[in-house]
Amino acid sequence: MAEDQVQYWIYPTEEGMDALSTLAWVWELVDDLVNKYIWHLNIFNLSIQNDKDGWHLEGKVDYGESVEDEWMVISLLVHITKKLDNLCARVVDTDGEILLIEAANTLPRWAGEPDIADGRVFLYGGQVHLLAPCKTPGDISPFPHGRPNPSSAARYIATYPHLTQAGQPVQKAIIDRIGGLPKDVSSNLHTTTVVIPDILAALLHNNHQAVSDIVHALRDQDHLDMRKTRSMPRIKQTKTGSYALTFPRCLYALLSSINVRPHRSCKWSIDEKDRGQVLGFKLSLGLEIILSRYRPPHQTNSEDEGCSAEFAKFCKSLAAVGYFQDELEGSIKHRQLTAKAREFWQNSLNSSSTETADFPTHSRLDRLVSTIQKYEENQLPAPPAGWLTPGGRMDDETWMEVTPESLDRLLASRFGVAEGGQENIPGHLNDFLKKISDMAGVGD
């Protein structure tokens, strides 16, 4: 597994379930939640995988610096298994069983041993379930030792949930960490005012996920990018406006940490004391970098036809579960829903291949560049209310500063240390580290 990556699986718990229909049910359930969230790198995805035990759904998300993305994925899995009682899920990250690591203070002793606990943690009915191994030769269990077969384990948990459901302290640890996710993400957002050209405002109105691609392109620029974009040939400082733009906090902190200035040849002029203008130029330069790098994908007709045929089947399954909300085919709403489903389908195909997190997938870039091209060709009329919310709002940025008070609050929430109780911190930390020592590799 790659660094800073979360991987997850969803297993059917009943015989005869259809894979494509199940995928359609899942997407219909999480579509709005996934698309309203701004993902740091990869977007939540799922693909159908066939094996000797049948089929299951599988996905992976590279979350980079944003651990919140990992917990958004976990909250979606909790939501899915709570709403669809014929599905059971598993999730791990680079460090292993993330659910056990989070609940380290509340686990039964066996669950603190990674060699024993591996593959024995599931989500079902929105709850954490643990498959305990046999403690003595006299114990009876379908999974006495070793790593259980996940498909068999999922069916067993669905049949005997009262035997596998983890205790209330474990459930509370996970629920507390998830908070309001996946529906309420407000605590992770930061809104500020930016001054940007009309073309960039049009893009962000039509594709709010593009802000993540733009910031990462800016962060990863090299000398070739700087040479190709210093004159800003496509993103000019014309028809600029002041807008309120909302970022995930991690993304905003990343953007704020990047230092760039307009090159004298680009005819951009900004007041470096005006934060809105500085941020606006950074975003504009990031978009220019994406456009300079972009090359249309090369795909054979057979690949196109194969993907189209499978996607058409997926759309039929979506229609059967009510995803299109009885909208007439060809209507604006129907086309919008189809576009979102197609992006999910393409993201899932890319994720199941050798795609890396170094740069967005071609499907995402294609959509971004297509929007820019439509604007340049005057095919993208502005809505009556304007592209984005008018500027003026600037959220407080003290959350980016580490103070003794903010450290107190962090310790209180993560380790149970009372605020102002610094004298107790070493003991509390030591107790916590003892709990996770075997799992995280920290010695006593």
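Mentor: Start with Asp326, which lies in the loop between α13 (301-320) and α14 (332-351). Helices here are DSSP runs of H or I with at least four residues, strands are E runs of at least two, and both are numbered from the N terminus. The model is predicted: local features need pLDDT of at least 70, side-chain atom pairs count only at pLDDT 80 or more, and totals for chains, interfaces and linings use all residues. Residues are numbered from 1 along each chain as its sequence is written, and side-chain values use heavy atoms, without hydrogens and water.

Asp326 is not a glycine, yet its phi is positive, near 60°. Asp326 is exposed, at 80% relative accessibility. Exposed means over 50% relative accessible area, buried under 20%, and partly exposed in between (1.4 Å probe, protein chains only).

Met232 sits in the loop between α10 (223-229) and β8 (240-248). Its phi is also positive, about 45°, and Met232 is not a glycine either. But Met232 is buried, with a relative accessible area of 0%.

Next, α7. Val170, Gln171, Ala173, Ile174 and Ile178 are buried there. They lie on the same side of α7, because they cover an arc of only 160° around the axis. That arc is taken from the directions from the helix axis to the C-beta atoms. These buried residues pack against α2 (67-83), α3 (98-102) and β6 (127-130), with contact meaning heavy atoms within 4.5 Å.

Just after α7, Gly179 has a positive phi of about 65°. Pro182 lies in the loop between α7 (168-178) and β7 (189-197). The Leu181 to Pro182 peptide bond is cis, with omega near 5°.
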